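Trainee: I would like a close look at one strand and what surrounds it. Please keep to that part and walk me through it.

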Amino acid sequence: MKFGFFDDKNREYVITNPRTPWPWINYLGNEDFFSLISNTAGGYTFYKDAKFRRITRYRYNNVPMDSGGKYFYIKDGDNIWSPGWKPCKTELDSYECRHGMNYTSIKGEKNGVTAEALYFVPLKTWAEVQKLTISNNSKDTKKLKIFSFLEWCLWNASSDMENFQRNFSTGEVEIEGSVIYHKTEYKERRDHFAFYSVNAPVQGYDTDRESFIGLYNGFDEPRVIVEGKPKNSVAHGWSPIASHYIEVELKPGESKDFIFVLGYVENKEDDKWETKNIINKKKAKETIAKFDTTAKVDSALADLRKYWDNLLSVYSIKSGDDKLDRIVNIWNQYQCMITFCFSRSASFFESGIGRGMGFRDSNQDLIGFVHQIPERARERIIDIASTQFPDGGCYHQYQPLNKRGNNDIGGGFNDDPLWLILGTVSYIKETGDFNILDEMVPFDNDMSVARSLFDHLTVSFDHVVNNLGPHGLPLIGRADWNDCLNLNCFSNDPNESFQTTENKTKGSKAESVMIAGLFVVYGRDYVELCMRTGKNKEAGRAQKYVNAMVDSVKKYGWDGEWFIRAYDYYGRKIGSNENEEGKIFIESNGWCTMAGIGKEEGLCVKALDAVKERLDCEHGIVLNNPAFTSYYIEYGEISSYPPGYKENAGVFCHNNPWIMIGETVAGNGNRAWEYYRKICPSYLEEISELHKTEPYVYAQMVAGKDAFKPGEAKNSWLTGTASWNFYAISQFILGIRPEYDGLLVDPCIPGDWKGFKVTRKFRGATYSIEVVNPDGKSRGIKEVIVDGKLSASNLIPVFGDRKEHFVKVVLG
Ligand code: BGC
Ligand code: NOJ
């Protein structure tokens, strides 16, 4: 069952039934100021950091689901309704929500009146603009009462939810004209406040929640709205809100726009006040003035659209299959931008208070957007590397507000450092900017111990070399990519977190074959980088370690039919036929086949066949099999999940592309594509009632074959799945891959594809690429024609001449 449709021309997903199986959300803003918004206008806003600078309040996992947001209430006679159906839930005559690129528009119609609310964060603006258009389509003059509503958060989203003995006494607001200012704690240690304005005179307002809603009412039935009269309440403590009240009369056919601005301001210490206790509103007024007419708002939206036209023009495909084109050209790239902005911090599954920017996550996210905004990727690489320690280890996460490593979570995840090589190499291949390697980057944000970024890569590489276990394989540390394979944790206390509790790493023999594969892939990249920068001696040194790792994997990481997953604390195999449960895992088989370890001896093909046989199911490739059915203290969180969910045999979509890429390394385009399609959301739109999460973005996990409800997805939006799937389809299946010396065209597609076209902007030129497949091949190049001339190579040179170049590649 579908709940809407894709409007590809406008790059929108249009939801036509508000009762989606889960709130289907969108993100506004892409730099400093952000909002999450659901298809019924639920959600919240923050500045940079969803934990420390939360602007509006939200209660997760609420009853009813997704309560609280930026609501408009229309009172037409006794009828009260909202354009997004919620919170009133008055049956609408029509409803439509359009989620687009960083904007959302929600339109409802009731008794001849339509209300359309457009929400977006204009470029370079610390504010969300809302344009509410009210139209009278009836034959009578309408006298309507309009109420806006949002609830302020007292800035720190975490203490806002728990420290009520203080919170209930701190709230402060100011009201001036049609603007409501939220200034809690501004008097003391804060240099910032928020405001909510409307570009029309108001006939009243409310800023105190209890006065507006009533203690025993819900968002669906605020007392003030039922009574039809605002109370002009001024909040003192308790829960401050912002609600404007506007009376409007519309003749038949008449329509009126109201522009609301929800903004954020920072003032310097000596510029905080207008007079005693009256805040300096200058910057707020400037922002409001920028968006006080429909023309200004429309032009800001047009700029945002242009911005996205430009970003999405870098890679686009024409395949003849709408489902593929829309995910590659629009939604997957959009999701990659969102994961870049938020890492794993704020979604409808991530509360915004738990996690900051992940070291491994942010590096992997980079491969999905570096082609769009290389300058910001560069900055991100430096930020991430700045949280590394001199020994190559690193903080697992950092807070976006201050860019400092997060001490609560700490470090010790032994895969983390290697991802910095992936991020850096991807950036250089995209841009050709080797200078980044010379940037001086601090350790643990301490500039006095800064070294070049290249040196950071060296210590990343060496962190593995210096932490090898008894089989010459990398020690796992706290965990590798799989946060739930906690081999040194041994937790029997339900009150401690598997993720942060003290680990027994001393004397541990726990080794990771996944990190081994990762090390071979990115170790080789490191070697190549050394050679390209004239460090031949270092290249030689590093190559030896890579070779040794290949040998160790072949010797101790091969189980006969597939690659084992790890050795546990005691040195016993995990992911081996010898195990009763968890005989085979996806991660090590993905990385070792991507690395091509034992390819000549046939190990890769065997491993991939074992994955197909034992891990593949209707909904994708599960993480492990058989699923764990009891708690293994020596394995940790992985065995805490019921079978089929999350890291315990869920279809963990993040790592499916590793197998897809492994299949392309083996030349098997049919299988790579089959796996791709299975988890690709645009192909799952028709089963939305089962899939549950948005059909326009990837979810982290789809319940696997052992689950109670196979096929049901969770954790949409913020997942490495976005970048890895884009990487797999764009660079390995379609095969358009940036290399240091040019753009490689090396597709690995299903044999029955006739071909496809890709437009790729790369280092200052446009490559119009046509791939044709007359002989029904999956892989192999018969002929390459560049600008009309036969070319000896499928590595198309860097032109950098701002011109368009035509490339034709014939498979065969
Ligand atoms: C989840 C993982 C996640 C980890 C760290 C675990 O509970 O299953 O997917 O990476 O927490 O937050
Ligand atoms: C989600 C985390 O964000 C990521 O870092 C981790 O690799 C996966 N879960 C697997 O556990």
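Trainee: In S39, which residue is the bridge partner of Lys-318?

Mentor: Lys-757 is the bridge partner of Lys-318. First, the ground rules. This is a predicted model, where local features need pLDDT of at least 70 and side-chain atom pairs count only at pLDDT 80 or more, while totals for chains, interfaces and linings use all residues. Residues are numbered from 1 along each chain as its sequence is written, chains are lettered from A and ligands numbered from 1 in the order written, and side-chain values use heavy atoms, without hydrogens or water.

Now the strand. S39 covers residues 755-762; strands here are DSSP runs of E with at least two residues, and helices are runs of H or I with at least four, both numbered from the N terminus. S39 pairs with S22 (residues 315-318) in the antiparallel sense, over four bridges. Pairing requires that DSSP find at least two bridges between the strands. S39 also pairs with S40 (residues 765-772), again antiparallel, over eight bridges. Across that pairing, Lys-761 faces Thr-766 of S40. Two residues lie between the strands of this hairpin, and Arg-763 takes a positive phi near 40 degrees there.

Next, the faces of S39. Its side chains alternate. Phe-756, Val-758, Arg-760 and Phe-762 point to one face and are buried, that is, under 20% relative accessible area with a 1.4 Å probe and protein chains only.

A cavity is a set of points on a 1 Å grid over the protein atoms alone where a 1.4 Å probe fits but cannot get out, and lining residues have an atom within 4 Å of a point. The largest cavity holds about 80 Å³ of space; grid points are joined across faces, edges and corners, and the volume is the space filled by probe spheres set on them. H19 (721-733) and S37 (736-739) each supply at least two lining residues. H19 gives the most, with four.

By class, the lining has seven nonpolar, three polar and two charged residues. Ala, Val, Leu, Ile, Met, Phe, Trp, Tyr, Cys and Pro count as nonpolar, Asp, Glu, Lys and Arg as charged, and the others, Gly among them, as polar. In the whole structure, the search finds eight cavities of 30 Å³ or more.

Methods:
Buried < 20%, exposed > 50% of the residue type's maximum accessible area, 1.4 Å probe, protein only. 1 Å grid on protein atoms, 1.4 Å probe; cavity = no way out; pocket = protein on both sides within 12 Å on 5 of 7 lines; lining within 4 Å.
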